[in-house]
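Please go through this briefing with the sequence and the model side by side.

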Amino acid sequence: MDPRWYSPGALRYSPQLLLALLVLLMVAACSGARSRPSTPCMSDSECRADRICHEGKCRFVEEVLAELAMPPVAPDRTEPRVAPRSANGFMGDAAHTGRSENRGPPSNPSPAWTYQTGARVFASPIVGNDGTVYVGSLDGQFVALNPDGSLKWRYSAGQKIYPSALVAGSSIIFGTHQQELVSLSLRGQPRWKLPLQDVVDASATLGPDGRVYVVANGAYAVDLLGRLHWHKPTADHVRSAPVIHPSGLVVIGTIEGSLMALRPDGSLAWSVQLRGAIEGAASVDDDGRIYAGTVRGEVVQVDPEGKILWRFKTGDEVRATPAIARDGTVVVGSYDGNVYAIDPSGDLRWKVATGGRVRASARIDADGRIYVGSQDNFLYCIDPSGSVLWRYNVGQDVDSTVEIGSDGTLYFGSDDGGVHALR
Amino acid sequence: MKLCRSQRWAAVPLMFVSGGLLIGGLAGACSGRKQVPFGLQDAGQDSSAPAADLGEEAAALPVGETFGPDQVEVRVADSTLVLQTGYALSALQLDLDGAEPIDALVVSADPHEVRLQAAYPRGLDVSARLIDSFLVPAHCVEPTAEVRQISSSLAGVRVEHSCETGKRTNLWLVTIEAQPRVRERITVLPPNGQSSAAIEIELAVEDRDTDGYDDVVANLRIGDTDIPLAWLNRPGGFARDVSQPEASLKGLADGAWESFSSNPGSANDRALEVLGAFVALCRESGAARVGLMGTQGLQCQQSPATARAATVAMAAAIRQGKFVRALELQRWWQNSAIQPSPEERSLVQAAWRKAKANAVATWRLVDNESGWASLYFQDDDSLVIDGRAPRQVQLSTGVKTRLSEAEIAPAIRDPSGRFAVRAVRATCAGFEAEIGPIRGKQSHRVPIEKRSANAPCKTPIDRPATAFEWAVLGWAPQGLVAASGDLLRVVPVNELGKPAGRPIDLDTTSPLPAPIHGARITADGARYVIPHAEGVVVRDWREGGSGLWLRPGDWDAVQGELRSIAISPNGRKIALQKGSEIRLLSW
């Protein structure tokens, strides 16, 4: 390089430098375009190559992704009562602990409202940051309900909807038996649909990398614009929702009994055979240990490297996702009718007998109270020591996992197609 | 017909029902065998021989051995074929190459695939050559197979699986020669949502065209309807007789047509059989269960027999008060792209005219409009007539108020109020919704239905769809709710009114999207109105039922055709434009 570039005099007289400064100024002016009003558009083809058409405006992809991941500002300043989270989904968080920062009713609740669908509601209702309740039904409808139970809008999938919704920023994402992953705006308008190679039975999970992970015939990684990043096929259909490990691993269970950990690029980190189909999602505790139930009736603890640490045997199939209390206690129901509390070393802490199989996963409120439905038609509230505080007769099997609203309302579905709100 | 030999091959039990001379592997039985050009060896025997030995011959044709589970070794002559993958289902020992020792046709399977191989002993080893294979869906299990010689030159191989909704059958028709070839592969799929009839298939060998050579007939029994699909043995190979299934369906449809006036119940049953057979057999139905050589459904193209059967079934449905069903059947006319004959059309028209209304409907004149007007209700008492001079009519008082352009809000608009459906157009691409900003001239089109392959576009068209073709009833957050007759379809569109995924046809158990902004449907989607040349059908989506048929007594007294129609938010009033009159219908 010419040493004159480093002398002060050169700065004053070099025409090359003047040219370089001009170029720099132009670049700076162009980069400022990111903050300027965007060009109106109707399709991506109307935008420059580095931009896409989003909601009628040409925008940078990264800008749109960041915006989609952020929750919208609540129009009513009195709501919500807790700070908005960027994503709400099945079992509360990407680790599926089932813990909620909200407090449920400590004493016998009363029914606030019921919204009736035409078939079993297996999914867990999910509450958005503005209090809207989102839930799908096996009759193919996905509804957004106002906090008073009235219908805000309805999406008709034409096929069964098993999974709970993922509310990620301003997008609502769920899979259907139409073999597609659907993203809707908060108004219920389709943003995109991603065709998959199989039906979707499990909820999608938002990873820390802003990608949505979903399972069907294997695991899929999709961004919030609906672009498929990878697909890791499995030998058979997968029904367990992906759980995100703090290390970034995406953990899924297969119906052949393998617990698989995938790296964020889709490659396999490890796989361990649990000796029984894994029908429910796994969960991860605060120390990174992984828990999964099997249809052989076991709850299995696995370390972050895929080594089995212990197995806890229940009396029948475990299809629920193990919830994890703040003290590390694992709470899970079994088809033997019991709700088990297992300490982190694998010993039974207590168990509560219900009158039916327990398919639903447990949720734990801010005070440690546990809410779980049973196929004996009751919803149970159990204190952290294993005492039943109350039980509410729904009149139908409750296979849907409870969601706890910011005002303490409990939302859940039932086998008769009802979406219930108790306060 | 001159029969050389016939062998029926049923599922359970397999039966030989007719025959011919003893041939094939039976020495010298077919001494009169004709020579066929192009060296075709599977031409069969001369059928001029006497038929006295039919039963004896049929009984003598060999049937292969079937195996138990997990059999991986197959005995061929004095050697053993060891399968590299899967397990053996069945094998037939026969001479393929005309040289000692004897060879075999072997069917084997694994959970994903079924294979047909020819096995040739070579010293102590057996060499195998793959003839054909097919993939098996994951939900189909427990395969069984049988290999059977059906003529001197042909073998039939049947493979069956148990699937989620029923039995899946695969039939191979294979030549018996040194390098066996698949002449035809027939697949019968298990029942689906649109076709639930039991389908049985039997193979027979007979001389259909009396040319002295054996032809192959697959006798299909779909419900109670028999349809013989024939493959004629020609010098260039097998040629399917394309007169079927239309010939069989036509016989049935004509029978139904002739007996309709005397015995409408029986005629309806026969007509429904024709329609059921068409769905199961023909590619054009979109739900065919019978396929040839891996393709799904036979190419039936335009089927006058089906159109006639639909006519009979439609007239019967109207007589029975099943109005929604009648509209569903009317789509057969469109789908089969057959213009019904004048007689058929008048039978249906007469049935609608005579149809017993479910309720006493009255109507009254509200206004006049010489051109086409868009109608929609603002509320239960105010109707907007968006014609040459847009105006609002207060229905209780009759007061009319002129509306400015700014006051007109199109009835079918998106939830944000930015876009509206301007029209539905019929083009060579099919039916398309024309969508544009509420204020502005730009527009784009969203496909509702692609043009049927049965009705290719001969000259370019771009015309408004009539009230009886596709219509957009309303716009829900999910997209457009479109209707054609009884069929409801959601066409997903995004925030910009652009297509956002595959359209979804809703069955009556599917809830409609909501809320819906539209003229012909209530906001909750509970009730919508279907126009008809002879009246109006009101359909309650949630409650189901046969539909409400409304036809004022003086319907014909108002000249002109039905142009526009709207239903009030409470679903109790209907405004319609018939000819130049805007009328309010109530019941």
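Which handedness does the crossing of helix 2 of chain B and helix 4 of chain B have? The crossing of these two helices of chain B is left-handed, a crossing being called left-handed if the near helix is turned anticlockwise from the far one by less than a right angle, and right-handed if clockwise. This is a predicted model, in which local features need pLDDT of at least 70 and side-chain atom pairs count only at pLDDT 80 or more, while totals for chains, interfaces and linings use all residues. Residues are numbered from 1 along each chain as its sequence is written, and chains are lettered from A and ligands numbered from 1 in the order in which they are written.

**Confidence**

- The model as a whole scores ipTM 0.77 and pTM 0.73.
- Chain B averages a pLDDT of 82, with 88% of the residues scoring at least 70; pLDDT is the predictor's confidence in each residue, from 0 to 100.
- Where pLDDT is low, the predicted coordinates should not be read in detail.

**Helix packing in chain B**

- Helix 2 (residues 246-259) and helix 4 (residues 304-319) of chain B pack at an angle of about 25 degrees, with their axes 8 Å apart; axes are lines fitted to C-alpha atoms, for helices over the stretch in contact, and angles run from 0 to 180 degrees between N-to-C directions.
- Helix 2 of chain B and helix 4 of chain B are therefore roughly parallel to each other, given that angles under 35 degrees count as roughly parallel, over 145 as roughly antiparallel, 65 to 115 as roughly perpendicular and the rest as oblique.
- In this contact, helix 2 of chain B contributes E246(B), L249(B), K250(B), A253(B), A256(B) and W257(B), and helix 4 of chain B contributes A305(B), T306(B), R308(B), A309(B) and V312(B).
- The residues of the contact between helix 2 and helix 4 of chain B divide into seven nonpolar, one polar and three charged; Ala, Val, Leu, Ile, Met, Phe, Trp, Tyr, Cys and Pro count as nonpolar, Asp, Glu, Lys and Arg as charged, and the others, Gly among them, as polar.
- The axes of helix 3 (residues 264-281) and helix 4 of chain B come within 8 Å and cross at roughly 135 degrees, which makes helix 3 of chain B oblique to helix 4 of chain B.
- That crossing of helix 3 and helix 4 of chain B is left-handed, and the residues of their contact comprise 13 nonpolar, two polar and one charged.
- Helix 2 and helix 3 of chain B have axes that come within 8 Å and cross at roughly 155 degrees, so helix 2 of chain B is roughly antiparallel to helix 3 of chain B.
- Helix 2 of chain B passes helix 3 of chain B in a left-handed crossing, and their contact has nine nonpolar, three polar and two charged residues.

**Domains**

- Chain B is divided into domain 1 (37-241), domain 2 (249-354) and domain 3 (362-586), with bounds that come from an automatic or database domain assignment.
- The C-alpha centres of domain 1 and domain 3 of chain B lie 55 Å apart.
- For chain A the assignment gives domain 1 (14-69) and domain 2 (87-422), whose C-alpha centres lie 40 Å apart.
- The contact between these domains of chain A takes five residues from domain 1 and eight residues from domain 2, and the side of domain 1 that touches domain 2 has five nonpolar, no polar and no charged residues.

**Interface between the chains**

- In the model, 22 residues of chain A are in contact with 22 residues of chain B.
- On the side of chain A that touches chain B, the elements giving two or more residues are strand 8 (151-156) and strand 12 (190-195) of chain A, and the largest share, five residues, comes from strand 8 of chain A.

**Backbone details**

- The peptide bond from Q244(B) to P245(B) is cis, with omega near 10 degrees, and P245(B) is found in the loop between strand 15 (237-240) and helix 2 of chain B.
- Phi of H96(A) is near 60 degrees, a positive value in a residue other than glycine.

Technical notes:
Contact = placed C-beta atoms within 7 Å. Helix = DSSP H or I, 4+ residues; strand = E, 2+ residues; numbered from the N terminus.
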